[in-house]
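Colleague: Please show me the model, and then let us discuss how its chain is packed.

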Amino acid sequence: MNPLLDFSGLPRFDAIKPEHVTIAIDVLLEKSRAVVAQLEAPMAHVCWDNFVAPLEDTGELLGRAWGVVSHLNGVVDTPELRAAYNENQPKITEFWTALAQNEALFAKYKSLRASPAFAQLTPARRRIIDNAIRDFRLGGADLGADKKTRFAQIQEQQAAVSTRFSENVLDATNDYKLLVEDETDLAGLPGDVLRAARAAAEKEGKSGHQFTLHFPSYYPLLQFADQRRLRETVYRANATRASELGTDFTQTEQWDNSQNIVTLLSLRSEEARLLNYKNFAQVSLVPKMAHSPEQVIGFLEDLARRARAYGEKDLAQLRAFAKDELGIGSLEAWDVAYASEKLRQQRYAFSEQEVKQYFPEPKVIDGLFRLAQTLFSVSIVADQASSWHQDVRFFRIEKEGQLIGQFYLDLYARSGKRGGAWMDDARGRRRLPGGTVQTPLAYLTCNFTEPPVIAGLRQTCLLTHDEVITLFHEFGHGLHHMLTRVDEIGVSGIAGVEWDAVELPSQFMENFCWEWDVLQQMTAHADTGLPLPRALYEKMLAAKNFQSGLQTLRQVELALVDMHLHYDYEAGGAKSVQQLIDEVRQQFSVMVAPPFNRFQNAFSHIFAGGYGAGYYSYKWAEVLSADAYSAFEEAGAAGGSVVSAATGQRFLEEILAAGGARPALESFKAFRGREPNIDALLRHSGMA
């Protein structure tokens, strides 16, 4: 059997090969088209069971198979797999685009919506139908024949260019290698960073220390390397990835994403005009909580105004410290992380490297699982499944002895794996005919430093506190997907949740990384095994909002660049993308990036990750998450601990379990008893 056509259990990753992809996708597309043809035919009576259910069934199987292929393309990229992915992506895009424009299906959804039977459906099913009608309109179903053809072409071109954008970032990242042969140039770097770099060089038969543009490899150079020239070298390499200024000039043109950005913006703008919207930002916001681009821009600019004084103070203190204590007269972008770490150490008498010794990966994961088990009354245990790499682990979540979800955990950076951290669903929850429940399945992916092998023994991975926060963040997404109680796959878990609310559970979970009760259960010193000392914890807490003004302004800058590119920028017009970015920086940044910085050329979130005109979601959802977490703080003030099982149960019932079956604002109000406000976010950020 073709393993991609086997839906009887978990994906058979040990059996999947690139040559299976085209055969499986062709079979599933043929079956799906046959189902669509049947459902297009006239029906005496349109109802959920004879129309919506079979359409959802066929879409789910195609989506699951393609989801496996897409996931593998992101975590074990090979030339063969990439070729198979690129060969089939246009066919997948063509099918979904044609489906979204199918007038016969659209008409039947509308007739079902207008029928007396609609009121008798469950709220989840009614929401699915409403979402479908909205998506048909956004998919071009209302367009004339000539415009539909162009709309379909736009979707296919966007998919291809987005894929090329992502591949360019991955190839430019994987290609860069910085070999440092003189160890004196590496003064200041921690021992574990040096060991990892030495192991990377030895793996390729080289002497010295080798660094890459994977975050765990290059960022310690910026943060700890005393050699300023080295910091500038790696900063410049990272800031010019996949651009016309890339360091490998033989590949610069091949991997340059500059034109891909313009092409995507142009295609998105044309898509918006075809749908009778003024700009793509308006299209993007239709299925989100925010009502208009103007509302989003106003929210971001208000946040920038509130943060500016704090950001200016942060930068002034950093510049003074760099000049007086480090001899850096003119603070440059490649000095910021280094000077910030030195200032943190001086001000709070600890370093991130010191904290890192208390976060061995096994202890962190155990503490994370303990927290989830206490808050949500579940059990998380190791499980067995085939996977795509030997480092991947697999777990199951149970409640009262019953399986409710499973997930893969892929933690380490490696060649062929795209950067960043993410959660993706491999399978959604739904109730099957006969009453059995299909349990959800998730991928949790990070890019932490792979543990070095010393004397033939693999060492324990130590996580920075920032990496711990990242792990909690992605696990929050996973909980949202796996702890749902909704039986309809179209709105179970994260499905159907507004994009600017989907970060609520993930950012909510981050807060627990700062709680003493939680840290005591998830820390053990690498040498002594002792938990995090209270004195060090107090220093971490004092430093929690260190440079929060600068960090907030940076996130606002990214979100405003994204929104303006999709709102009032004319692709191919007199103003270039870089000029728009420079204008936003001049208005809202206090530490302006150097002229050669081309961060946009690797900004995969908005050009290859679904966040186009949606990057603001992180700050928007942070208002929700901070306000939601304040309920746990209130419970802690009343009962002694924020790890409140009673409050956790309410969060589970009103936020996690509800999934996308109702608007996110309704779920939030059901949990907090009121609408959200920004006060908790400002307080948590030290800007109240």
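Colleague: What percentage of the residues in the protein chain is buried?

Modeller: This is a predicted model, in which local features need pLDDT of at least 70 and side-chain atom pairs count only at pLDDT 80 or more, while totals for chains, interfaces and linings use all residues. Residues are numbered from 1 along each chain as its sequence is written, and side-chain values use heavy atoms, without hydrogens and water. Buried denotes under 20% relative accessible area, exposed over 50%, and partly exposed in between (1.4 Å probe, protein chains only). Of the 688 residues in the protein chain, the buried share is 56%.

Colleague: Which radius of gyration does the protein chain have?

Modeller: The radius is taken over C-alpha atoms, and the globule rule is 2.2 Å times the number of residues to the power 0.38. For 688 residues a compact globule would come near 26 Å, and the protein chain agrees with this at 25 Å.

Colleague: Which residues touch the most other members of the largest nonpolar core?

Modeller: A nonpolar core is a set of buried Ala, Val, Leu, Ile, Met, Phe, Trp, Tyr and Cys residues joined through side-chain atoms within 4.5 Å. The largest one has 141 residues, and those touching the most other members are F376, F407, F512 and F651.

Colleague: Which helix gives this core its largest share?

Modeller: Helices are DSSP runs (H or I, at least four residues), numbered from the N terminus. The largest share, 11 residues, comes from residues 293–326, helix α13.

Colleague: How many residues are in the other core?

Modeller: This core lies apart from the largest one and includes L39, V68, A84 and A132. Its membership comes to 54 residues.

Notes: Helices (H or I, at least four residues) and strands (E, at least two) are DSSP runs, numbered from the N terminus.
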